[in-house]
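Let's take a friendly walk through a protein together. Have the sequence and the 3D view ready, and look for each part as we reach it.

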Amino acid sequence: MKTIIEPFRIKSVEPIRLTTRDEREQLIREAHFNLFNLDAADVIIDFLTDSGTSAMSSKQWGGMMEGDESYAGSSSYFRFEAAVRDLMPFRHIIPTHQGRAAERILMGIVADAESIIPNNTHFDTTRANIEATGAKAVDMVIEEGKDPSNEHPFKGNMDVAALRDFLEGNAERVPIVMLTVTNNSGGGQPVSMANIRKVKEVCDAFEIPLILDACRFAENAYFIKLREEGYADMDVADIVREMFSHADGMTMSAKKDALVNIGGWLALNDATWAEEARNQLILTEGFPTYGGLAGRDLEAIAQGLKEIVREEYLAYRIASTRYLGRALLEMGVPVVRPIGGHAVYIDAKSLLPHIPPLQYPGQALAVELYLTGGIRGCEIGSVMFGKQPDGSEEPAAMELVRLAIPRRVYTQSHVDYVIECFEEIVGRTDELPGYTITHEPRQLRHFTAHFEPID
Ligand SMILES: *Cc1c(COP(=O)(O)O)cnc(C)c1O
C-alpha cells in the first residue's frame, strides 16, 4: 500500500482551542511578538519542539501504575536498566532527570580548563556544559553538512580527516570525542555506520573514549537502514546495537527517542568514571537507582525503548516528517535538504529576501505562521545567534524556522492544515514586515526578547 498510516489508534484525546486570526493578532501583540511568551493553550499546532512532547502509549501509561517508588533498589530501575542494556550494552547505566544532567555530570568528571572536546556539532546544552568547566567545544561536521541544499545522505558525519589532524596536535588535551546522532544543531541529519566506525578507529589510535550524544538514536538507525549499503535487511534494534558497539559511553535525553515526557541517562564502560558519576549523581540528582526520576518514569522509559525501535513506528515517523517537507518544497518554499527525522527547517532568508538578516526574516515567518494558522515554530537564526559577547550584532550563518514534530501527537490532517497555511502565505510573502527588538536580556535573548514589526 502507498499510504503509510499512523500505526496507532487514539484512546485519549486533548482538545485544541481554535482561535481566530483577530484573536491571534491580539495575543501575539500581548506576547510582544515572541512565540515563547504565548500560553500553550493559545496555540493550535505546536511545533516548538519534539522534546518531552511525545504521546505515550497505553502500555506506557499502564507501566506508570506499576512504578516501584522505593528509594533504593527499585524494581523499576532494574526494568529500565535491562531495557537500556538490551539496545546499548554498556556496563554502567545511570539515570538522570534529563539529557543535560547527564552532560553536566560527565563534563564535571572528564573536562577542565585545558580540555578540548570535538563533536560533529555540539548541541547548545552540551556546549554550555563543556564551557562551564572552562573547556573548549569544537565542531567538526563534514563540509556537505553546512550546505542547506546539499543532498548528501549522511550530513551529520564527522570530518574524520579533520579529527585525525586535530588529534595529532592536541590528543593529550582531548578527554573524550563525541558524536551526536542525529545531528540536531545541524538540521537533524544522520551519521552513517561507516562514519561511526571510522571515528572509533581514530579514537582508538589515540586511546580516547568515544561518547555518543544519542537523543535520536532510533531515527539515526532507521536512516542507516534506508540509506546505507548492507543494512536494508537488518532489524533496526540490531543496527542500534551495532552503533553502540563502537562507543564507550553515551548521554541521552529520554525526552526524544525514549517516547517519554521527562528523563535521561548517562552510560559508561569505565568503572572509575562511573563511580565518580554516581557520587556526583547523589549530590544533585538522587540515589543511583532513580537519579532524579520517579519509579514510574523509569517504567515509561523501559516500555518506550521497546516501542521506538519498531519499524512500523519509524517508517511512519520518517514518512510524516518527509510529507510536510516535500509539500513545502513542491509549493516553492525553500527547505533544508534532505528532510531530517524530527523537524522541517525552512530557509527564511531565501523565502523573504526583502527582509535583511538583522530585521529577522525567521522571526517574521514564525510570527506570520502563528497569525495565519496558530502554528508555533521556532526561529533559529539571528535572533538566537546574532548577539555577540561584546554586545554587537552579526547576522547568523542561516535564517531558519524549525518546525519540530512531536512524536505520535498530530495526524495527517493536522499536517495538511499546516500545509494549507503555507499555501495562504506564499502568495503574499512580500507583504511580511521585518522586526526590531525593543527589549532583550543579556544572554539567550530569544526566550524573552520583545519585538515590534517595522512599518
Ligand atoms: C535535547 C538534547 C540534549 C539535551 O537534553 P535535555 O533533555 O533537553 O536536557 C542534548 N543533546 C541533543 C542532541 C539534544 O537534542
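We will go from the domains to the nonpolar cores and then to the cavity.

Keep in mind that what you see is a predicted model. Begin with the chain as a whole: the domain assignment gives domain 1 (21–50 + 310–453) and domain 2 (58–308). Taken over C-alpha atoms, the centres of domain 1 and domain 2 are 28 Å apart.

How do these domains meet? On one side, 21 residues of domain 1 are in contact with 27 residues of domain 2. Between domain 1 and domain 2, about 2,200 Å² of area is buried, and carbon and sulfur atoms give 51% of that area.

Now look inside. The largest nonpolar core has 68 residues, and Phe217, Met243, Phe244 and Trp265 have the most contacts within it. At least three residues of this core come from each of domain 1 and domain 2. A second, separate core has 47 residues, including Ile346, Ile375, Val401 and Tyr410.

Which residues does Phe217 contact, leaving aside its neighbours within four places in sequence? Among them are Leu87, Met88, Val181, Met243, Phe244 and Ile308.

The structure holds one cavity of 30 Å³ or more, and the largest cavity contains about 70 Å³ of space. Its lining includes Asn34, Leu35, Phe36, Glu379 and His446. Sorted by class, the lining of the largest cavity has five nonpolar, four polar and one charged residues.

How values were computed
Residues are numbered from 1 along each chain as its sequence is written. This is a predicted model: local features need pLDDT of at least 70, side-chain atom pairs count only at pLDDT 80 or more; totals for chains, interfaces and linings use all residues. Side-chain values use heavy atoms; hydrogens and water are left out. On a 1 Å grid over the protein atoms alone, a cavity is a set of points where a 1.4 Å probe fits but cannot get out, and a pocket is an open set with protein on both sides within 12 Å along at least five of seven lines; lining residues have an atom within 4 Å of a point. Grid points are joined across faces, edges and corners, and a volume is the space filled by probe spheres set on the points. Ala, Val, Leu, Ile, Met, Phe, Trp, Tyr, Cys and Pro count as nonpolar, Asp, Glu, Lys and Arg as charged, and the others, Gly among them, as polar. A nonpolar core is a set of buried Ala, Val, Leu, Ile, Met, Phe, Trp, Tyr and Cys residues joined through side-chain atoms within 4.5 Å. Buried means under 20% relative accessible area, exposed over 50%, partly exposed in between (1.4 Å probe, protein chains only). Domain bounds come from an automatic or database domain assignment. Contact means heavy atoms within 4.5 Å. Buried area is the accessible area (1.4 Å probe) that two parts lose on being put together, summed over both.
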